[in-house]
Amino acid sequence: MLKDLLLLLFPKSCNACYELLVLNENEICTNCRNELPIVSNESLTNLKGLFKEDIVITNFSSLFYFEKHSEVQELLHNLKYRNHLHIGELIGNWHAAILLKTESFQTIDLVIPIPIHKKRLRQRGYNQVALYAQTIAKKLNADYRDDILTKTAHKKSQVSLNKKERFNNILNSLTLNKPNDLEEKHILILDDIITTGATMSACVSYLKNKADKISIASIALVPNESL
């Protein structure tokens, strides 16, 4: 009764399409849950092109295709810039249910979010990947660690850089802490979106000789990129 009254007085809207949510809908409306573009297995196979031949990735996963001016973009913007943190938990539960269907994702030991610099963290107030990653770690019965891979150099914006420049920009800004904690571990690196793949590629390159196995996943993937 109280929940119904609160919804009546303070109606909430879908974080993807902005239609008003009805009772029992949470963060995303039922229509968007059914219509948001789920990434195909073929696109996930193409992610191998992100990495050099000497980097072996155990598995890949991404939940949604990303396009500009789409519901997925609105969803990510609400998560990343508008302080709608609970979206991360909802998407984490959604994505974890898919990951658990694949045997290799059932062996994850550590979940590591893509780090952001402390200056950006102060400006935004949170790492948009954190709750998404924490939720997936819990569902996979893995440890969540945001203290192993940190970003200690605040580099210039990535927007105007090409893929190689982005890769070097990220690689030179990373610091590895407690590398022994990665020994004989299968780690899962998580990000909100994979575009050119430079950020994820740099992180994987940085950790490739430290962990036993590395898998990657993200909330969204930009389709038709030359990865």
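Analyst: A salt bridge is a side-chain nitrogen of Lys or Arg within 4 Å of a carboxyl oxygen of Asp or Glu. The model is predicted, so local features need pLDDT of at least 70 and side-chain atom pairs count only at pLDDT 80 or more, while totals for chains, interfaces and linings use all residues. Residues are numbered from 1 along each chain as its sequence is written, and side-chain values use heavy atoms, with hydrogens and water left out.

By the rule for salt bridges, the count comes to five. Arginine 145 takes part in a pair with aspartate 181, in which the closest N and O atoms are 2.9 Å apart. This pair links distant parts of the chain, 36 residues apart: arginine 145 lies in the loop between S3 and S4, and aspartate 181 in the loop between S5 and S6. The strands named here (E, at least two residues) and the helices (H or I, at least four) are DSSP runs, numbered from the N terminus.

Arginine 145 also meets the side chain of aspartate 147 in a salt bridge, at 2.7 Å from N to O. Arginine 145 is buried because its relative accessible area is 18%. Aspartate 147, at 26%, counts as partly exposed, and so does aspartate 181, at 29%.

These residues belong to a network of salt bridges that links Arg145, Asp147, Lys178 and Asp181. Lysine 178 is found in the loop between S5 and S6. Its backbone has a positive phi of about 50°, although lysine 178 is not a glycine.

Elsewhere, the side chains of glutamate 74 and arginine 82 form a salt bridge of 3.2 Å, N to O. Glutamate 74 has a relative accessible area of 21% and therefore counts as partly exposed; arginine 82 is partly exposed too, at 36%. Asparagine 83 lies in the loop between helix H4 (71-80) and helix H5 (86-99).

Charges also gather in surface patches. A patch is made of residues with over 30% relative accessible area and no salt bridge, like charges being joined within 9 Å. Lys and Arg count as positive and Asp and Glu as negative, while His and the chain ends are not counted. The place of a charge is taken as NZ of Lys, CZ of Arg, CG of Asp or CD of Glu.

The negative patch is formed by Asp109, Asp143, Glu183, Glu184 and Asp212. Aspartate 143 lies in strand S3 (residues 143-144) and is partly exposed, at 48% relative accessibility. Positive charge gathers at Lys118, Lys119, Arg120 and Arg122. Among them, lysine 119 is in helix H6 (residues 118-124) and is partly exposed, with a relative accessible area of 37%.

Contact means heavy atoms within 4.5 Å. Not counting residues up to four places away in sequence, lysine 151 touches Pro115, Ile116, His117, Lys118, Ile170 and Ser173. Its C-alpha is 8.4 Å from that of isoleucine 170, which is 19 residues away in sequence. Lysine 151 is partly exposed, with 23% relative accessible area.

What lies around these charges? The protein chain has nine helices and seven strands. Of its 227 residues, 48% count as buried. Helix H9 (residues 198-207) is largely enclosed by the rest of the structure, because eight of its 10 residues are buried. The buried residues include Ala198, Met200, Cys203 and Leu207. Their cover includes strand S4 (149-151), helix H8 (163-171), strand S5 (174-176), strand S6 (186-194) and strand S7 (213-221).

Among contacts in the chain with a separation of 6 or more, 76% join residues 24 or more positions apart.

Key:
Buried < 20%, exposed > 50% of the residue type's maximum accessible area, 1.4 Å probe, protein only. Patch = residues over 30% accessible without salt bridge, like charges linked within 9 Å, V, L, I, M, F, W, Y side chains within 5 Å. Areas by Shrake-Rupley, 256 points an atom, 1.4 Å probe, with all protein chains shown as cover.
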